[in-house]
Amino acid sequence: MNQTLTLTPGQVKLADLSRIYREPVDIQLDRACQARVEAASKIVQQAAETDAAVYGINTGFGKLASTRIPVAQTEQLQRNLIRSHCCGVGEPLTNNVVRLIIVLKMISLGRGASGVRWQILERLESFLNLDLIPVIPAQGSVGASGDLAPLAHLTAALIGEGEVNFRDEFMPAQQALQKVGLSAIQLGAKEGLGMINGTQVSTALALAGLFDGWRLAQTALISGAMSTDALMGSTAPFRHEIHVLRGLRGQIDVGDSIRALLQGSAIRESHREDDERVQDPYSLRCQPQVMGACIDMLRCAAKTLQVEANAVTDNPIVVVEDGSILSGGNFHAEPVAFAADQCALAIAEIGSITERRIATTVDPAQNYGLPAFLTPNPGLNSGFMIAEVTSAALMAENKQRAMPCSIDSTPTSANQEDHVSMACHGARRLGAMNHNLSNIVAIELLIATQGIGFREPAKTSPALIGVMGKIRSQVPPLEDDRYLAGDIAKANAMVADGEIIDALGDQSLLPELST
């Protein structure tokens with residue numbers, strides 16, 4: 001039986017959202033927000049019954065906002081809105097991302113400024129806890145006026161239309177509702193608009209990119225420390241005194257972390273004297289400066305996304321205190337687009353410096369006495385030669401994908417929506433970028449583990465010995481050439497699942513994602 005997590009709209013933390021993304025957990029909205037939700041719904045209902053035109057309640061939408069809709073057609077207006085906006089294309093979003101989308105929509109509606117009935121929030125809660133996952137095509141949002149198309153596919157499932165993934169079986173939404181004993185909801189005034197106006201899809205995708213990117217950043221600190229020891233690098237560049245003089249939090253944290261990861265390394269002690277090298281390459285020496293900047297970038301994005309996750313982002317907005325209904329633009333996802341671009345830059349740069357360490361470690365001209373391509377018999381064997389090439393290819397892909405999406409815009413909806421954020425696909429690309437980065441880090445772990453092995457009988461630090469043990473439990477040392485794709489896949493799975501971080505034992509050695 002899953003544990004139940006109670007969420008208070010406006011106060012949800014990143015740790016809660018990360019848990020929802022990664023673990024099966026039942027969700028309950030704090031019932032303290034119900035009174036405000038119902039008060040806002042009452043204001044909307046009253047507006048729907050008056051003669052005054054109120055956007056989205058008794059009018060058309062977008063360019064058709066000047067068209068007045070009779071009270072008797074309120075339900076049809078909202079139903080038509082959902083049907084007409086179900087125009088998404090592409091592969092379905094993953095179940096954990098869709099769960100995150102639903103949670104973010106509940107948080108937003110639960111702030112009591114959208115005017116929907118409490119019944120809508122209860123139904124979203126039921127969908128989560130009954131494992132009813134609406135099928136949402138990944139493409140179709142430009143990230144302004146809300147994530148209209150993907151959120152329409154979410155809402156369609158509530159009204160018994162579209163498709164649902166129920167316990168890993170795809171079926172019509174109406175069939176899935178019957179299986180769990182639920183009936184389709186009839187949308188009231190503004191409820192369709194309240195559901196599809198909002199940045200929840202862009203934000204969920206950006207959060208997924210952030211959570212996975214942060215795990216990879218932490219793992220890259222481990223693999224970077226291992227490469228440093230494999231290359232018999234100096235730990236002097238990681239001393240605290242250097243980094244506090246600059247004062248950047250991420251840089252300080254990374255320097256402290258790498259120094260702690262290497263604490264107790266006999267390899268490090270073995271070359272303190274009589275080492276003719278004066279300085280290490282930047283990919284070793286400047287890890288605090290580069291990785292620290294990446295960590296600061298991810299933390300900046302995290303701060304924005306935590307606020308956005310708790311925000312009211314639909315339109316119009318109901319002010320319960322004075323009964324007003326205000327048209328604005330909180331649906332514009334520019335802040336999310338910027339956050340996604342920040343994540344993309346950090347992911348690309350982590351891959352860039354990691355690939356350079358890989359290249360250095362396999363290069364006999366730079367690796368301080370290790371055999372070429374880390375094979376015991378170079379020439380007859382090619383060792384990790386092409387694994388390095390693969391990491392370079394993945395790094396290049398990520399650099400191309402890191403081009404900012406937020407600077408793009410195109411007018412839509414007959415020029416009514418004349419500036420848009422492109423946040424949704426800006427956030428969605430982070431999944432592919434993280435997949436590439438995970439493989440780059442996995443390759444570094446394999447190569448660094450092999451390199452450290454060549455330094456025996458000197459041993460690395462106790463913390464890194466634990467990581468090497470985890471890797472060697474799945475992947476044996478490379479002697480004669482063998483099929484390496486399977487080794488990379490196993491290492492990648494350990495990276496993506498957080499097993500490398502767990503193998504440390506003491507996670508306080510790594511920086512935390514705190515805002």
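## Close-up views of a predicted chain

**View 1. Charges and surface of the chain.** The chain carries 41 positive and 55 negative side chains, counting Lys and Arg as positive, Asp and Glu as negative, and leaving out His and the chain ends. The centres of the two sets lie 2 Å apart, with each charge placed at NZ of Lys, CZ of Arg, CG of Asp or CD of Glu. This is a predicted model: local features need pLDDT of at least 70, side-chain atom pairs count only at pLDDT 80 or more, and totals for chains, interfaces and linings use all residues. Residues are numbered from 1 along each chain as its sequence is written, and side-chain values use heavy atoms, without hydrogens and water.

**View 2. Helix H15.** Residues 334-362 form this helix (a DSSP run of H or I, at least four residues, numbered from the N terminus). From first C-alpha to last, H15 reaches 43 Å, close to the 42 Å expected at 1.5 Å a residue; the expected span is 1.5 Å times one less than the number of residues. Of the 29 residues in H15, 24 are buried (under 20% relative accessible area, 1.4 Å probe, protein chains only). Across the chain, buried residues make up 55% of the 515.

**View 3. Ala225 in helix H9.** Ala225 sits in H9, residues 200-230. Its relative accessibility is 0%, so Ala225 counts as buried. Beyond neighbours within four places in sequence, Ala225 is in contact with Ile258, Leu261, Leu262, Gln287 and Leu464 (heavy atoms within 4.5 Å). Thr460 is 235 residues from Ala225 in sequence. In space, the two are 10.0 Å apart, C-alpha to C-alpha.

Definitions and conventions:
Buried < 20%, exposed > 50% of the residue type's maximum accessible area, 1.4 Å probe, protein only. Helix = DSSP H or I, 4+ residues; strand = E, 2+ residues; numbered from the N terminus.
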